Amino acid sequence: MNSTTGLTRIVKAAGYSVKGLKAAWKHEAAFRQELMLMIVAVVIAAWLDVSIVERILLIGCVTLVVILEIVNSAIEAVVDRIGSEFHELSGRAKDMGSAAVFVALWLSAFIWVSILWGHYM
């Protein structure tokens, strides 16, 4: 049994994470779109005259969308790897992953509208 520990494990894990981000960028249009949206949102959140907690909420919710898009893409990749024939559970897994991203998008919209409405309306 060859297990890595300590710094070597952390370095390897970081490498796998970078590999995953590169794969998401290369293969997933939704990830690219949501990452661009996140970058714009971070710039706007940094510019807005809001409290630190509000800024964290604004940035955190759009970051959550990107995180869930990566998870959704991973679910889709695994399901597609298993087989191309339709199976109810495969469809359910893909739909639920998509639903997680959808709910996160709605949460982000709610947080952004609530904070901006409270400050600027």
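Start with the record: the unreviewed UniProt entry annotates residues 29-50, 56-79 and 99-120 as "transmembrane region". UniProt positions follow the numbering used here, feature names are shortened, and annotations may be inferred rather than shown by experiment. The model is predicted: local features need pLDDT of at least 70, side-chain atom pairs count only at pLDDT 80 or more, and totals for chains, interfaces and linings use all residues. Residues are numbered from 1 along each chain as its sequence is written, and side-chain values use heavy atoms, with hydrogens and water left out.

**Stop 1: two annotated stretches**

Select residues 56-79. The chain here is 100% helix and 0% strand, and the end C-alpha atoms are 34 Å apart. Now select residues 99-120. This stretch is also 100% helix and 0% strand, with its end C-alpha atoms 31 Å apart. Helices (H or I, at least four residues) and strands (E, at least two) are DSSP runs, numbered from the N terminus.

**Stop 2: helix H2**

Select residues 29-47, which make up helix H2. Its 19 residues reach 27 Å from first C-alpha to last, close to the 27 Å expected at 1.5 Å a residue. That expected span is 1.5 Å times one less than the number of residues.

Which residues of H2 are buried? Color Phe 31, Glu 34, Leu 35, Met 38, Ala 41 and Ala 45. Seen down the axis of H2, these buried residues fall within an arc of 125 degrees, so they line one face of the helix. The arc is that of the directions from the helix axis to the C-beta atoms. Recall that an α-helix has 3.6 residues a turn, so residues three or four places apart point the same way.

Turn to the other side of H2. Gln 33, Val 43 and Trp 47 are exposed there. Buried means under 20% relative accessible area, exposed over 50%, and partly exposed in between (1.4 Å probe, protein chains only).

Stay in H2 for Ile 39. Ile 39 is partly exposed, at 42% relative accessible area. Draw a distance from its C-alpha to that of Met 121, 82 residues apart along the chain: it reads 25 Å.

**Stop 3: the annotated binding site**

Select Glu 28 and Glu 76, listed by UniProt (unreviewed entry) under "binding site". They are spread over 49 residues of sequence, yet cluster in space, with a largest C-alpha distance of 10.6 Å. Glu 28 sits in the loop between helix H1 (6-27) and H2. Glu 28 is partly exposed, with a relative accessible area of 22%.

**Stop 4: salt bridges**

How many salt bridges are there? The count is 2, taking a side-chain nitrogen of Lys or Arg within 4 Å of a carboxyl oxygen of Asp or Glu.

Show Asp 80 and Lys 94. Their closest N and O atoms are 2.5 Å apart. This pair links distant parts of the chain, 14 residues apart: Asp 80 is in helix H3, Lys 94 in helix H4. Asp 80 is partly exposed at 46% relative accessibility, and Lys 94 is partly exposed at 26%.

Next, show Arg 92 and Glu 88, whose closest N and O atoms are 3.0 Å apart. Both lie in helix H4, 4 residues apart, about one turn of the helix. Arg 92 is partly exposed at 39%, whereas Glu 88 is exposed at 53%.
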